[in-house]
Amino acid sequence: MKTTMVIFGCLVFSLVSCAQKTPPKAVADAFSQRFQKAEKVKWDMEEANEWEAEFKLSGKELSASFDLTGKWLETEAEIEATELPEAVKTAVEKQFAGAKIGEASRIESPDFTGFEFELKQKGKEFEVQSTKDGALKVSGESKEKKDKD
């Protein structure tokens with residue numbers, strides 16, 4: 001009896017895990033319409049009301065988020081820090097002298113188009129958003145880093 005219960009529990013857990021990797025039809029349809037040539041799509045539930053697809057498009061890695069109704073929330077494309085516009089790099093140097101730019105992305109949402117990146121300065125790390133003209137907004141709290149820059 002115990003063995004049957006354990007097997008049943010594992011089976012239910014497996015089914016639930018698999019189900020959470022398949023978005024609702026509205027989400028899958030909205031993604032397919034927006035990113036018709038996407039390849040290697042991997043889905044994950046970001047929050048209870050948000051699905052994220054990680055995929056490749058024209059050789060670049062992207063992610064896109066949708067709510068449960070299929071409404072597009074955001075697209076993020078990884079870029080090199082060197083690909084940031086000069087206005088952004090200049091603004092970073094003025095406001096965060098000596099900071100190093102870490103991971104960077106080009107982001108697009110219904111409310112914002114610009115860039116998001118990590119800044120590392122004096123043992124602290126910040127998440128920053130910027131418009132293409134260099135208007136910076138610190139959107140993440142700084143956190144102490146164990147390794148010094």
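Which side chain does lysine 21 meet in a salt bridge? Lysine 21 pairs with aspartate 44, at 3.2 Å from N to O. By salt bridge I mean a side-chain nitrogen of Lys or Arg within 4 Å of a carboxyl oxygen of Asp or Glu.

Before we go on, this is a predicted model, where local features need pLDDT of at least 70, side-chain atom pairs count only at pLDDT 80 or more, and totals for chains, interfaces and linings use all residues. Residues are numbered from 1 along each chain as its sequence is written, and side-chain values use heavy atoms, leaving out hydrogens and water.

Back to our pair. Lysine 21 sits in the loop between helix H1 (2-19) and helix H2 (25-34), while aspartate 44 is in strand E1, so the contact ties together parts 23 residues apart in sequence. Helices (H or I, at least four residues) and strands (E, at least two) are DSSP runs, numbered from the N terminus. Lysine 21 is partly exposed at 47% relative accessibility, and aspartate 44 is partly exposed at 33%. Here, buried means under 20% relative accessible area, exposed over 50%, and partly exposed in between, with a 1.4 Å probe and protein chains only.

The whole structure has four salt bridges. Another one joins lysine 25 and aspartate 29, with the closest N and O atoms 2.7 Å apart. These two are four residues apart in helix H2, which means about one helical turn separates them. Lysine 25 is exposed at 61%.

Then there is glutamate 86 with lysine 89, at 3.2 Å from N to O. Glutamate 86 is exposed at 56%, whereas lysine 89 is partly exposed at 25%.
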